[in-house]
Amino acid sequence: MSEPPEREPAKPGARWPSFFQMAAEPLFLLDRRRKLRFVNRAWEKLTGYAADEALGWGCSGRRDDDTSPVAVAMRPPREVLDGQ
């Protein structure tokens, strides 16, 4: 009998993007600098922006110039920025 092929161990966190892509709710993730790093398909449908276009947008909440209405709408509430 032949041995089953060895499987490479899954990389930590390798499956989360596909898991969140299936969510019906719009989801997005920001990095520590509050730059947009992930959006799911529901987010794309809600905003009308493709992920390729939106990734990297800043959501600092410190800018009032309205250059990106989606970024302004997505910025975290004051409580989050204050660490609460």
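The accessible surface comes to about 7,000 Å² for the protein, and 53% of that belongs to carbon and sulfur atoms. Those areas are Shrake-Rupley with a 1.4 Å probe, and for residues only the protein chains shown count as cover. Bear in mind that this is a predicted model: local features need pLDDT of at least 70, side-chain atom pairs count only at pLDDT 80 or more, and totals for chains, interfaces and linings use all residues. Residues are numbered from 1 along each chain as its sequence is written, and side-chain values use heavy atoms, with hydrogens and water left out.

So what's buried? Of the 84 residues, 21% are buried, meaning under 20% relative accessible area, with exposed being over 50% and partly exposed in between (1.4 Å probe, protein chains only).

On to the fold: we have five helices and two strands, running α-β-β-α-α-α-α along the sequence. Those are DSSP runs numbered from the N terminus, helices being H or I with at least four residues and strands E with at least two.

Now, how many salt bridges are there? The count is two, taking a side-chain nitrogen of Lys or Arg within 4 Å of a carboxyl oxygen of Asp or Glu. Asp31 pairs with Arg33 at 3.7 Å, N to O, and Asp31 also pairs with Arg37, at 2.8 Å, N to O. As for cover, Asp31 is partly exposed at 23% relative accessible area, Arg37 is partly exposed at 42%, and Arg33 is exposed at 61%.
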